[in-house]
Amino acid sequence: MTQNKNFKTLVRARMVETGLNYTATRVLVLTEKAEQAQAAETEHRTVVGRFFKDGALTSFPAKRKARAHVLLYLVNYFDPGVKYSEKQINKTLKAFWPDFAYLRRELVDYGYLKRNDLTGVYWLTEIAPERWETVLHAEAPEWESIWLPAYLNGDAPRFTLNQRG
């Protein structure tokens, strides 16, 4: 039995559209979701691959949507639930780009990193940023809503460019 009420609602709404029974519609919806996830992963891999060579950023994207892909990729280099000093964050980001402070600010601005202003401690957000009613909605990669929640919960591996997960 499916425990996700939203999924059941989606399946039932699709049943009305298609006239199929619950089981057939469930398979249809799951197949579509898998195809959507594959397409989102392919897009993410393609966009990020344009900006990285041998593990380093070759250029920083001018377009905001590509920038969001690159920042989402950088999330891989931080572990959920771990507190980082600013020095640790800088050291990690400096391996990718000389202007590590810019990357750090962008990660905070996009909601991927949180910061305690009093202590200077950083950590990955506990939940994926809600983008629906924000300016960032149009530029957020679809892969963010698929991979990031699972990664933050420890249910997804790190995303790698050189192999499909």
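Modeller: F52, Y73, Y77, F96, W143 and F159 form one aromatic cluster, where rings of Phe, Tyr and Trp (its six-membered ring) pair if their centres lie within 6.5 Å, and planes under 30 degrees apart count as stacked, over 60 as edge-to-face and the rest as tilted. This is a predicted model, in which local features need pLDDT of at least 70 and side-chain atom pairs count only at pLDDT 80 or more, while totals for chains, interfaces and linings use all residues. Residues are numbered from 1 along each chain as its sequence is written, and side-chain values use heavy atoms, with hydrogens and water left out.

Across the whole structure, a search finds 11 aromatic pairs. In one of them, the ring centres of Y73 and F159 are 6.3 Å apart and the planes stand at 85°, so this pair is edge-to-face. The pair links distant parts of the chain, since Y73 lies in helix α3 and F159 in the segment after α6 (142–152), 86 residues apart; helices here are DSSP runs (H or I, at least four residues), numbered from the N terminus. Y73 is buried, with a relative accessible area of 6%, and F159 is buried with a relative accessible area of 6%, where buried means under 20%, exposed over 50% and partly exposed in between, using a 1.4 Å probe and protein chains only.

The rings of Y110 and Y112 have centres 6.3 Å apart and planes at 25°, so that pair is stacked. Both Y110 and Y112 are buried.

Notes: Helix = DSSP H or I, 4+ residues; strand = E, 2+ residues; numbered from the N terminus.
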